[in-house]
Amino acid sequence: MASTTAITPKLHILHYDYVENVVEKRKPYREAHLAFIRKQVESGNVILGGAAGNPPSEAFLIFRNLSSKQIEEVAQRDPYVVNGIARKYSVKPYMAVVGDDLLKNDLIKI
């Protein structure tokens, strides 16, 4: 018999889909974006983030302590979103079950 108990995620992934030629187009906004994300790191909300691909075509940020709605509100203020560098974004629950000791409180116990 399957369990009907919903699992509450402890982490979420914010995914950015970048515009073409992002390396060149992001230059005017890069320092502001990094400063903005560093504030989220300092507040304990972001535990990891960065671009994917070489050259980059997307980025992922792993959040803790915030709801999906709160993360969307953060994304809407990010200079990359405000200035069209991230042409779209999404927030998804991340059900992490394995990780090192630094993440032990963020893992789902199954």
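Setting aside neighbours within four sequence places, histidine 33 touches Tyr16, Asp78, Pro79 and Tyr80, where contact means heavy atoms within 4.5 Å. This histidine belongs to helix H2; helices (H or I, at least four residues) and strands (E, at least two) are DSSP runs, numbered from the N terminus. Histidine 33 counts as buried because its relative accessibility is 7%, buried being under 20% relative accessible area, exposed over 50% and partly exposed in between (1.4 Å probe, protein chains only).

The model is a predicted one, in which local features need pLDDT of at least 70 and side-chain atom pairs count only at pLDDT 80 or more, while totals for chains, interfaces and linings use all residues. Residues are numbered from 1 along each chain as its sequence is written, and side-chain values use heavy atoms, with hydrogens and water left out.

To place these residues in the whole, the protein chain has four helices and four strands, arranged from the N terminus as β-α-α-β-β-α-α-β. Its C-alpha atoms fill a box of roughly 50 × 30 × 25 Å along the principal axes. Of the 110 residues in the protein chain, 33% are buried. Among contacts between residues at least 6 apart in sequence, 69% join residues at least 24 apart. UniProt, in an unreviewed entry, lists residues 13-93 as "domain: YCII-related"; such annotations may be inferred rather than shown by experiment. Over residues 13-93, helix and strand each account for 38%, and the end C-alpha atoms lie 6 Å apart.

On a 1 Å grid over the protein atoms alone, a pocket is an open set of points where a 1.4 Å probe fits, with protein on both sides within 12 Å along at least five of seven lines, and lining residues have an atom within 4 Å of a point. The space in the largest pocket comes to about 220 Å³, a volume being the space filled by probe spheres set on the points. Its lining divides into eleven nonpolar, three polar and two charged residues.

Histidine 15 sits in strand E1 (residues 11-18). Its side chain forms a polar contact of 2.6 Å with that of glutamate 58. Beyond neighbours within four sequence places, histidine 15 is in contact with Glu58, Ala59, Phe60, Lys88, Tyr89 and Ser90. A polar contact is a pair of N or O atoms within 3.5 Å; within protein, one must be able to donate a hydrogen and the other to accept it, and residues adjacent in sequence count only if both atoms are side-chain atoms.

Definitions and conventions: Nonpolar A, V, L, I, M, F, W, Y, C, P; charged D, E, K, R; others polar. Lists of a residue's contacts leave out its neighbours within four places in sequence.
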